[in-house]
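Have the viewer open as you read.

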Amino acid sequence: SPPLNPVVSQLAWMLGTWVSEPAGEGQFPTIPPFRYMEEATITHVGQPMLNFMFCASNAETGKPMHRECGFIRIKPGTNHVAFISAQNTGVVEVEEGEVEGEQLSLTSNSVSRISFAKEPHVTQISRKFRLTPEGKLEQTVFMATASQSLAPHLHVTYRKVTS
Ligand code: HEM
């Protein structure tokens, strides 16, 4: 594979195929708490961006659930990051934020959706990615909906399954 484009070298710690371990934990004030499995694949093809695909499934049955894919970009010469995601729920969103060391904090500046997306509609998404001291990737997601202010939705830690 081509060398990592130096524009995105600050995000190199995200690269790899990662599998939730332990199971991810989901919650929101309006729903029962749940556990889920997720595979996160973060790759590059030498362009000044990363490509990602997150595939969640039911922790017990393996049935596919939430999926999203997109791109992670950096404003060249800065630590300003843009995260662009298309989700199987019909949501398309852009988050921006900063990478600081091995932590990336993002907040949505745009959330859009198909006309027949399920309600309640998500109105804001904030997430953090971090590499733990043990070398695991962690993702934490907060969201707000048309009927609920910002609250935790997801927390998951992944083990790297590629070298
Ligand atoms: C519910 C958004 C990721 C599993 C919801 C709801 C919204 C939402 C708006 C409805 C909440 C309500 O009824 O008040 C999102 C967004 C995500 C995301 C924006 C990504 C940024 C995930 C992931 C899973 C998941 C990765 C893992 C399986 C669920 C479940 C429910 C739910 C099980 C409750 C049942 C349902 O409404 O389908 N989510 N979600 N979500 N989400 Fe997520």
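Strands here are DSSP runs of E at least two residues long, and helices are runs of H or I at least four residues long, both numbered from the N terminus. Glu 95 sits in strand 7. The model is predicted, so local features need pLDDT of at least 70 and side-chain atom pairs count only at pLDDT 80 or more, while totals for chains, interfaces and linings use all residues. Residue numbers start from 1 along each chain as its sequence is written, and side-chain values use heavy atoms, with hydrogens and water left out.

**Strand pairing**

Two strands count as paired if DSSP finds at least two bridges between them.

| Pair | Sense | Bridges | Residues facing each other |
|---|---|---|---|
| Strand 7 (91-100) and strand 8 (103-113) | antiparallel | ten | Val 91 and Arg 113 |
| Strand 8 and strand 9 (122-131) | antiparallel | five | Thr 107 and Ser 126 |

Two residues lie between the strands in the hairpin of strand 7 and strand 8, and Gly 101 takes a positive phi near 60 degrees there.

**Glu 95**

Is Glu 95 buried or exposed? Its relative accessible area is 0%, so Glu 95 is buried (under 20% is buried, over 50% exposed, partly exposed in between, with a 1.4 Å probe and protein chains only). Not counting residues up to four places away in sequence, Glu 95 touches a set of residues including Phe 83, Leu 106, Thr 107, Ile 125 and Arg 127; contact means heavy atoms within 4.5 Å. The side chains of Glu 95 and Arg 127 also make a polar contact of 3.0 Å.

**Cys 55**

Over in strand 4 you'll find Cys 55. Leaving aside neighbours within four places in sequence, Cys 55 is in contact with Met 37, Glu 38, Glu 39, His 66 and Arg 67. Its C-alpha is 16 Å from that of Val 92, 37 residues apart in sequence.

The largest pocket is lined by 31 residues, with His 66, Gln 87, Thr 89, Met 143 and His 153 nearest its centre. Among the elements giving two or more residues to that lining are strand 4 (49-58), strand 5 (64-74) and strand 9. The lining divides into 17 nonpolar, eight polar and six charged residues; Ala, Val, Leu, Ile, Met, Phe, Trp, Tyr, Cys and Pro count as nonpolar, Asp, Glu, Lys and Arg as charged, and the others, Gly among them, as polar.

Key
On a 1 Å grid over the protein atoms alone, a cavity is a set of points where a 1.4 Å probe fits but cannot get out, and a pocket is an open set with protein on both sides within 12 Å along at least five of seven lines; lining residues have an atom within 4 Å of a point. A polar contact is a pair of N or O atoms within 3.5 Å; within protein, one must be able to donate a hydrogen and the other to accept it, and residues adjacent in sequence count only if both atoms are side-chain atoms.
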